[in-house]
Amino acid sequence: MTNVAGMDLATQLSALLPYLVLAAGGLLVMLVDAFVKSLRKEHLSMLSLLVLLGVAVANFTGSMSLSDRTLLGGMVVNDQYSWFFNMLFVAVALLTVTFASGLYDRDGHYRAEFYPLVLFATLGMMLLVAATDLMTLFLALETMSLSVYVLVAGNRGSLRSSEAGFKYLIMGAFASAFLLMGMALLYGETGGTSYAMIGDTIAGMNSASLLLKLATGLILIGFGFKIAMVPFHMWTPDVYEGAPCYVTGFMATGVKAAAVAALLRFAWLTLPVLADVWFPVLMVLAVVTMTYGNLVALSQNSIKRMLAYSSIAHAGYLLMGVLAYLQTGRDIGVATRAEEVGVAAGGAVLFYLVGYALMNLGAFGIVTYLSKDRKHEADTIDGYAGLAQKRPVAAASLAVFLFSLAGIPPTVGFVGKFYIFDAVVKADLLPLAIWGVVNSLLSVYYYLRVIMTMYMKPAEDDSYSGGSWETVFAAGVLALMVLMLGVMPGTLSQLARNTFKFMAY
Amino acid sequence: MAEQSVPLLLVVSLAIVMALLFLVLSYVLGPKNASALKSTSYECGIPARSSVQIRFFVRFFLVALLFLLFDLEAVFLYPWAILYRGFVEAGRAGFALGEMGAFVSILVVGFVYVWKKGGLEWQ
Amino acid sequence: METHAVETALRWIVLVPLIGAAVNGLLVRRMPRRIAGLLACAAVGVSFALSVKVVLRLVGMDAEQRLVTDTLAPWLGLGPLHVNIGFAMDQLSAVMALVVSGVGFLIHVYSLGYMAHDAGYNRFFTYLNLFIFAMLTLVLGENLLMLFVGWEGVGLCSYLLISFWFNDEANAAAGKKAFIVNRIGDFGFLLGMFVIGTTLLPELHHGEGVFSFQVMREYAHLLGPVATLAGLLLFVGATGKSAQIPLYIWLPDAMAGPTPVSALIHAATMVTAGVYMIARMNFLYVLSETAMAVIAAVGAVTALFAATIALTQNDIKKVLAYSTVSQLGYMMLACGVGAFAAGIFHVMTHAFFKALLFLGSGSVIHAMSNEQDMRLMGGLRKKLPVTWWTFLIGTVALAGVFPFAGFFSKDEILWKAWSQGGIGLWLLGFLGAGLTAFYMMRLVSLTFFGENRASDEVKHHIHESPATMTMPLVILAVLSLTGGWLGIPHFMGGQNHFETWLEPVFHQEAAGHHEADLVQELEHGALGETVAVLATSAHVTHDVIEGLDHAGEEAMEWTLASASLAWALLGLSLGTWIYTKRQGLAAAGQRFAGGALHRVLLNKYYVDEMYEAAILRPGYAVSERVLFRTVDAGLIDGLLVNGSAILVAIVSALLRLFQNGRLRFYAWVFASGAAGFILYLTVSG
């Protein structure tokens with residue numbers, strides 16, 4: 001532990017600056033809330049936004065001297081991969097804070113503890129991706145999860161919200177137990193908790209031992225819970241529906257991206273001997289996940305529940321990308337062009353995570369925008385009738401997000417799906433790709449239903465109406481980005497591919 | 001591979017078989033003469049007067065939670081204290097002290113927050 | 001630094017009209033009319049000025065290095081498939097950009113007057129600017145995909161502008177026809193692109209844009225095996241856009257749009273896109289003799305075919321439309337015989353005089369209170385002096401009279417057809433040229449000579465157009481006179497600057513085909529076979545042969561040029577004579593040639609009717625009876641759509657039951673999932 005890998009403390013701390021700024025900022029927001037009595041409601045959100053901007057700046061300046069650096073004796077690593085996701089998480093948190101503040105303004109009441117919790121959850125996500133040790137991984141996961149449990153229950157006085165928080169907590173604890181058990185077994189098998197050590201031990205094996213299979217299987221269950229993979233998904237609809245809508249957006253994009261990113265880093269570690277073991281079971285689960293999500297989403301009347309099932313389906317698409325990556329580690333034909341296929345697959349997943357964050361967060365942003373207050377969210381789809389006349393910008397933005405979620409060009413959702421399917425085909429998994437396309441077709445129906453309600457049905461008295469301008473402005477910018485990345489995905493996809501390449505090859 | 005999993009499989013299947021066996025045995029062998037009295041919660045002893053899920057004041061819960069939190073985190077001081085001598089010998093006492101300082105100050109921030117928010121007041 | 005400024009100027013050439021269109025389009029209701037029009041003109045004016053600036057920079061470079069590129073952003077990066085958003089200007093693009101923005105600017109100015117009283121004024125200028133944007137993307141795009149984007153963009157604008165007055169059923173139908181016919185062509189274009197893409201992709205280094213013209217040209221040798229297929233598929237696209245047989249049918253109907261649109265899109269610029277594309281892809285076409293032969297044949301036949309139809313049309317714009325089809329045929333013919341420079345030369349001169357003629361006809365229509373039937377015109381010479389003089393210049397230029405622009409470009413094409421294509425192609429073109437002179441003079445005579453045959457009401461309103469309309473006419477008239485002087489051929493003592501300028505673009509063509517051409521030329525020449533043997537036997541003797549042959553070749557050029565000129569003059573005078581002095585003769589001629597023939601020509605060879613009988617009606621029947629009633633309504637709607645929808649709904653509702661909200665059940669599912677998972681891991685492998 002005393003070994004600091006030949007780097008002095010100051011260098012390490014400067015490399016850790018984004019995390020430190022975020023942690024200190026979260027504590028600061030807490031203290032300001034506790035001490036300053038004459039606080040007006042927008043002060044805390046301003047302060048949180050400043051903190052997040054500070055993190056972004058620290059992360060960005062850190063990228064100037066970007067090179068793979070193992071920090072704190074191998075507990076975390078600073079590489080392009082973590083840099084990429086830090087940016088994503090900061091953006092997600094920025095938007096979440098903006099959306100929430102907008103609703104608080106409209107509501108007239110605000111919850112001060114929301115802000116530090118979002119900041120701590122973001123810190124957890126960032127560390128989750130940067131973790132290169134099982135200890136850090138677990139701590140980061142719990143930092144994120146505990147914050148999110150509270151955020152989910154943040155709508156005090158609402159039975160649904162409390163119930164959701166409770167369910168999420170119980171199920172989350174359940175999943176954490178599996179994860180922890182897996183980590184313990186892995187430690188027993190490899191004799192270390194650092195990725196480097198685990199990786200070395202695994203690389204030295206000819207085939208996977210039973211213990212190793214069990215260990216990684218249990219860890220996979222833990223991750224599967226976070227990304228809402230069937231059959232570990234049951235909490236998703238209830239929690240997504242019960243949580244305040246801005247928190248749902250945060251969970252669906254940030255938490256999911258963090259879990260997938262950490263899973264990819266972990267999968268890379270175990271790729272050589274475990275790809276064969278994981279592949280068939282993950283294949284089945286990916287197919288079931290996307291099919292299940294899309295099928296059940298069809299018969300929903302609550303937009304949040306619909307998006308929850310859609311989020312399950314999207315987990316399936318993401319798993320397809322992970323599968324294409326796993327395929328490169330198997331002892332079959334693909335292995336000869338492992339790097340090409342692997343980079344395509346990993347790059348596609350990274351691209352999709354960014355695109356998914358943009359479009360899903362945007363959709364939840366619009367839901368937040370239309371909500372009257374925290375007790376009356378714009379949840380039932382019927383209430384969207386005639387929105388196109390009443391709130392044209394909000395309706396158009398939501399339409400863009402839904403089109404993108406359905407994967408219709410020229411949106412980022414289409415390009416993202418295209419990259420994923422392309423990678424899957426490259427990995428010689430054509431049937432999987434076809435099934436993915438069939439699923440996307442299926443999904444068009446329920447997304448279009450909302451758009452049709454907005455554009456074809458006349459407005460009624462109880463149709464939703466607009467909220468704060470910051471929210472709709474942020475959502476509008478997101479919609480433009482969704483379209484722009486749909487037309488010109490080149491730069492981002494290049495970045496995603498390079499990022500993955502530096503991490504994995 | 002196979003040799004490894006055989007004992008495990010044996011144990012798992014034995015457990016399942018045993019559980020099923022006893023269930024089936026009790027079902028088959030047990031006399032079945034149900035009556036109203038038999039389906040009450042206890043055949044012997046005193047009938048329950050109220051719900052088993054008793055209510056207690058939520059403040060207790062909060063205090064218990066806070067106690068658990070700070071008590072548990074204080075536990076971290078012990079391994080640190082034991083290792084500290086090693087740090088001193090390695091000439092990294094400052095580092096170790098700083099680490100613990102950071103840890104404790106985060107705890108203090110939490111404590112101050114609870115205090116200012118009125119979490120420690122009974123009313 | 002300055003080079004950099006020139007490069008970024010390239011993107012603004014394209015983007016400024018887009019900005020103009022965006023501003024006008026977004027504020028379409030609020031924008032004052034005057035400002036909207038001026039803004040649109042200014043946008044194109046800026047484009048033209050910037051084009052001139054970049055072209056001047058090109059002129060200053062070495063002949064072989066004349067290329068300015070401006071890459072905006074990577075567009076697609078799918079593994080090896082790499083496409084940039086970028087622009088490039090070489091000699092060929094320079095000519096096209098100048099023509100598009102220059103002629104476009106004049107037509108914008110003209111429209112200020114022509115559309116002054118139209119309700120859709122702002123909308124019109126929005127579309128017009130959008131068109132210029134798309135067309136400049138087409139000619140300046142640095143790769144085939146950008147070209148295709150522009151190609152689709154101009155198609156869209158063309159559709160919007162043809163059915164600009166969409167309240168009239170016929171206009172909307174004409175727009176649809178243009179759109180659908182062009183889609184057929186575009187399908188061929190896309191397939192051609194796929195063929196090229198799949199052939200080249202495996203061979204490229206990483207990061208090389210497969211559709212970039214530079215890259216394609218560099219790897220052209222790999223395209224050999226697919227050159228015929230790809231070339232012909234792309235040519236299908238060109239027949240759609242450039243109105244060649246068999247897809248020309250949309251262009252005459254497209255005259256339903258406002259006249260400036262006919263001038264800009266359906267005469268001067270968009271319809272030449274096919275020619276530009278073939279010239280741009282010259283490195284592909286020279287690899288396939290078959291493709292070249294098809295292009296030459298289609299071009300030559302179209303040239304004559306359309307000219308015969310133009311003889312009998314009574315609508316002033318229809319005559320010009322068929323004339324455009326015919327002239328596009330000449331350009332294709334030039335490309336087909338490998339004389340790409342001559343084709344582009346004709347694109348340019350044609351842009352000048354055909355835009356002039358259309359704008360002049362617009363001025364006539366304007367004066368005649370929107371009458372387009374020539375039988376109700378006449379005697380406008382005195383009343384519309386500016387229109388008359390400029391129209392006359394346009395006519396003689398189109399007829400190919402020395403020293404007007406059309407003479408040089410058409411003569412160049414006919415000479416190349418003779419020397420590189422063969423006597424058959426030349427003859428088709430030559431006949432067409434005479435007919436061109438004849439039908440144009442018929443048009444002029446019916447419109448400007450004799451007595452006015454309009455109603456008194458209309459007569460009363462006849463007036464010369466305002467200056468915004470006559471000024472562009474005058475400028476275009478000057479260009480129609482002088483535009484050809486850029487390419488005075490060598491045998492007349494000129495330098496043929498135009499061909500020299502374009503030569504580096506068609507370099508490979510020159511290198512690859514020179515020998516074959518020479519042999520072919522010589523076979524027609526005086527020294528014939530003797531020299532041909534020499535030519536094939538020894539490369540070294542080139543110079544000698546050229547020297548020997550030079551005299552014979554020059555004599556032949558003189559002969560052909562004189563013949564063309566005489567032929568054109570004959571056509572002109574016949575046309576004038578018959579339709580001014582001897583009206584009876586025309587009627588007699590119709591009777592003599594047989595009413596039937598005249599009827600066939602008047603009805604445009606019944607091509608539309610044939611298409612209708614052969615394709616539309618059966619297609620409609622199949623679509624209605626088989627596809628709609630049986631397949632769609634029965635199978636797809638009944639079984640697949642409704643059936644699957646019901647199935648999905650049932651499954652969805654069933655699965656929904658799982659989500660019962662009970663935590664214990666959730667945990668149970670989780671645990672059994674985990675158990676299954678672990679069980680699998682223990683027993684597997």
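Let's start with chains A and C: 31 residues from chain A meet 31 residues from chain C, a contact meaning that two C-beta atoms, placed from the backbone, lie within 7 Å. This is a predicted model, where local features need pLDDT of at least 70, side-chain atom pairs count only at pLDDT 80 or more, and totals for chains, interfaces and linings use all residues. On numbering, residues run from 1 along each chain as its sequence is written, while chains are lettered from A and ligands numbered from 1 in the order in which they are written.

Now the chain A side of that interface. Helices H7 (159-190), H9 (210-226), H10 (235-242), H11 (245-297) and H19 (490-504) of chain A each supply at least two residues. Helices (H or I, at least four residues) and strands (E, at least two) are DSSP runs, numbered from the N terminus. H11(A) gives the most, six residues. By class, the chain A side has 20 nonpolar, six polar and five charged residues. Nonpolar covers Ala, Val, Leu, Ile, Met, Phe, Trp, Tyr, Cys and Pro; charged covers Asp, Glu, Lys and Arg; the others, Gly among them, are polar.

Next, chain B against chain A. Here 13 residues of chain B touch eight residues of chain A. On the chain B side, helix H1 (2-29) and helix H4 (93-116) of chain B are the elements giving two or more residues. The largest share, six residues, is from H4(B). The chain B side splits into eight nonpolar, two polar and three charged.

Inside chain A, one helix pair. H13 (residues 338-370) and H18 (residues 469-487) of chain A pack at about 150°, axes 9 Å apart. Axes are lines fitted to C-alpha atoms, for helices over the stretch in contact, and angles run from 0 to 180 degrees between N-to-C directions. H13(A) and H18(A) are therefore roughly antiparallel, the label for angles over 145 degrees. Their crossing is left-handed: the near helix is turned anticlockwise from the far one by less than a right angle. Among the contact residues are A:Gly355, A:Gly362 and A:Gly365 of H13(A), and A:Ala474, A:Ala475 and A:Ala479 of H18(A). This contact has 13 nonpolar, five polar and no charged residues.

Last, chain C. Chain C has 29 helices and two strands. How many of its 685 residues count as buried? The figure is 50%, with buried meaning 20 or more other C-beta atoms within 10 Å of a residue's own. Of chain C contacts with a separation of 6 or more, 79% join residues 24 or more positions apart.

Note on methods. Parallel < 35°, antiparallel > 145°, perpendicular 65-115°, else oblique. Buried ≥ 20, exposed ≤ 12 C-beta atoms within 10 Å, placed from the backbone.
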